[in-house]
Amino acid sequence: MSSNIKRKIFKTLVVLMLIGIIGAWFGWYKFLREVPEQKWSDESERFKYGSIGAEFSRGMPYWIWEVFAARFSGISAGPGGYKSFGFVWEEGHEMPVGFTKQVIGFPRVANNCAICHVGTWRSKEEEVPHLVVASPANTVNVQAMIRFLVNVGKDSRFNAGVLLPEIQRDTKTLLY
């Protein structure tokens, strides 16, 4: 084999290797890169909103989670989005108690132990409910949420043509 052909093969291999390295880095960054979790003000906050590592294997893309409750409200437990499942929602938090938002390539939502182990009480109907960490979740209907997710998966509107425009409109983000 001539040295000219050997040089061309070598250059081709170097270019292919660079393309492979760049592609692997891009894939890791977009789908596997884990951003460290925020620091929590106390253990109670960490228990209610902290990750238990479920986002990678069971997590749902955050943007889809955001659109689900509004777009598929007709097949949920009732009006009010995720509140219709009895999830506890504290003032000033973007997620209900028992849900985490973690970036693993992209923002993902999963549940943690608090979904079943944070209850509420109030002495008067007009009072803001008081949260009790590590108590039974007396308002949450997890089975209704699971049925909702299964029914959404069966719904004909669960496709990119319907969801992506709503995600872009609701989140004001470009998804590419």
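Select Lys48 to begin; this residue sits in helix H2 (residues 43–49), where helices (H or I, at least four residues) and strands (E, at least two) are DSSP runs numbered from the N terminus. The model you have open is predicted: local features need pLDDT of at least 70 and side-chain atom pairs count only at pLDDT 80 or more, while totals for chains, interfaces and linings use all residues. Residues are numbered from 1 along each chain as its sequence is written, and side-chain values use heavy atoms, with hydrogens and water left out.

**Stop 1: Lys48**

Is Lys48 buried or exposed? Lys48 has a relative accessible area of 5%, so this lysine counts as buried; the cut-offs are under 20% for buried and over 50% for exposed, with partly exposed in between (1.4 Å probe, protein chains only). Now show the side chain of Glu90: a polar contact of 3.1 Å joins it to the side chain of Lys48. A polar contact here is a pair of N or O atoms within 3.5 Å; within protein, one must be able to donate a hydrogen and the other to accept it, and residues adjacent in sequence count only if both atoms are side-chain atoms.

Next, display the surroundings of Lys48. Leaving aside neighbours within four places in sequence, Lys48 is in contact with Glu90, Val97, Gly98, Phe99, Asn112, Ala114, Val118, Leu131 and Val133, contact meaning heavy atoms within 4.5 Å.

**Stop 2: Phe99 and the cores**

Follow that list to Phe99. Besides Lys48, the contacts of Phe99 beyond four places in sequence include Tyr49, Trp65, Phe87, Val109, Ile115 and Met145. Phe99 also belongs to the largest nonpolar core, which has 22 residues; Trp65, Phe68, Tyr82, Phe87 and Phe99 are the members that touch the most others. Such a core is a set of buried Ala, Val, Leu, Ile, Met, Phe, Trp, Tyr and Cys residues joined through side-chain atoms within 4.5 Å.

Which helices each supply at least two residues of this core? Colour helix H4 (62–71), helix H6 (142–154) and helix H7 (160–171) to see them. H4 gives the largest share, 5 residues. A second, separate core has 5 residues, among them Tyr49, Val88, Val97 and Ala114.

**Stop 3: the sheet**

Switch to a cartoon view. An open sheet is formed by 3 strands in the order S1-S3-S2, with antiparallel pairing; two strands pair if DSSP finds at least two bridges between them. Strand S1 (60–61) and strand S2 (99–104) are at the edges and have a single partner strand each, so one side of each lacks a neighbour in the sheet.

Zoom in on S2 and strand S3 (residues 106–111), which pair in the antiparallel sense over 6 bridges. Pick out two of the pairs: Lys101 has Val109 as its bridge partner in S3, and Gln102 has Arg108. Between S2 and S3 is a hairpin turn with 1 residue; Gly105 in this turn has a positive phi of about 85°.

**Stop 4**

Select Ser51, in the loop between H2 and helix H3 (55–58). Ser51 is buried, with a relative accessible area of 12%. Residues that Ser51 touches, not counting those up to four places away in sequence, are Glu37, Arg46, Thr100 and Gln102.

Then go to Ala134, found in the loop between strand S5 (130–133) and H6. What is the phi of Ala134? Phi is near 75°, a positive value in a residue other than glycine. Most residues other than glycine have a negative phi. At a relative accessible area of 60%, Ala134 is exposed.

Ala70, in helix H4, is exposed as well, at 55% relative accessibility.

**Stop 5: the whole chain**

Zoom out. The protein chain has 7 helices and 5 strands, running α-α-α-β-α-β-β-α-β-β-α-α from the N terminus. Its C-alpha trace spans about 90 × 40 × 25 Å along the principal axes. The radius of gyration is 22 Å, whereas a compact globule of 176 residues would have one near 16 Å; this radius is taken over C-alpha atoms, and the globule rule is 2.2 Å times the number of residues to the power 0.38.

Finally, buried residues make up 31% of the 176 residues. Among contacts with a separation of 6 or more, 62% are between residues 24 or more positions apart.
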